[in-house]
Amino acid sequence: RQDYLKRMITSGNLILENDLWFFPKISQQDVEFTVRLMLKADRVYFSDDVIYNYFRMMGSISKPQSTEAIKKNFTDAIIVAKEIRLNIQSQEDPLIKKAIIKNYNNVVWNLLWRFLKRPREVDNRFKECILKQLKSENLYPIKGSLKTPFQNLIRIFFNNQLFVKYVLNKL
């Protein structure tokens, strides 16, 4: 994966000089890594062009089938959100801080959205453990902005304890 990233970046030395590596053995490595990479770059170009698409195959790390692998995917999301949030400490620019907040909030929001969209994917006890872990890591309730207006609207429901309890017990 390091060679792949070097081809996407003007200077492959950026990765080596800043000792940037993927967080080992978790899903969503690219999400966490990209935040750290962008913070080290002198310039970043954003485009609406689709540069690549994920091909998600059943049983792969991004589309697991076993209950254990699905649960690991959820716990990995918490690790990714925590790792992204760690980048705030080294930033003074309020716009960069806001971008970091949006990124880790997005990871948490997607985790909660998955509970709603796939209610029987994991049992309610596991969902309650995930919520408890998110709270203990101060990642939930979601504070700060998200990437889309839809996410910001739905966050109101996700942050409502009664709604979350209903979702956990009724779906």
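Helices (H or I, at least four residues) and strands (E, at least two) are DSSP runs, numbered from the N terminus. The model is predicted, with local features needing pLDDT of at least 70 and side-chain atom pairs counting only at pLDDT 80 or more, while totals for chains, interfaces and linings use all residues. Residues are numbered from 1 along each chain as its sequence is written, and side-chain values use heavy atoms, with hydrogens and water left out.

Q: How many helices and how many strands does the chain have?
A: The chain holds eight helices and zero strands, and its elements, read from the N terminus, run α-α-α-α-α-α-α-α.

Q: Why is Glu 32 called buried?
A: Buried means under 20% relative accessible area, exposed over 50% and partly exposed in between (1.4 Å probe, protein chains only); Glu 32 has a relative accessibility of 1%, and therefore counts as buried. Glu 32 belongs to helix 3 (residues 29–40). Leaving aside residues up to four places away in sequence, Glu 32 touches Phe 23, Val 80, Glu 83 and Ile 84, where contact means heavy atoms within 4.5 Å.

Q: What makes helix 5 roughly antiparallel to helix 6?
A: The axes of helix 5 (residues 94–117) and helix 6 (residues 124–136) come within 12 Å and cross at roughly 160°. Axes are lines fitted to C-alpha atoms, for helices over the stretch in contact, with angles from 0 to 180 degrees between N-to-C directions. Angles under 35 degrees count as roughly parallel, over 145 as roughly antiparallel, 65 to 115 as roughly perpendicular and the rest as oblique, so helix 5 is roughly antiparallel to helix 6.
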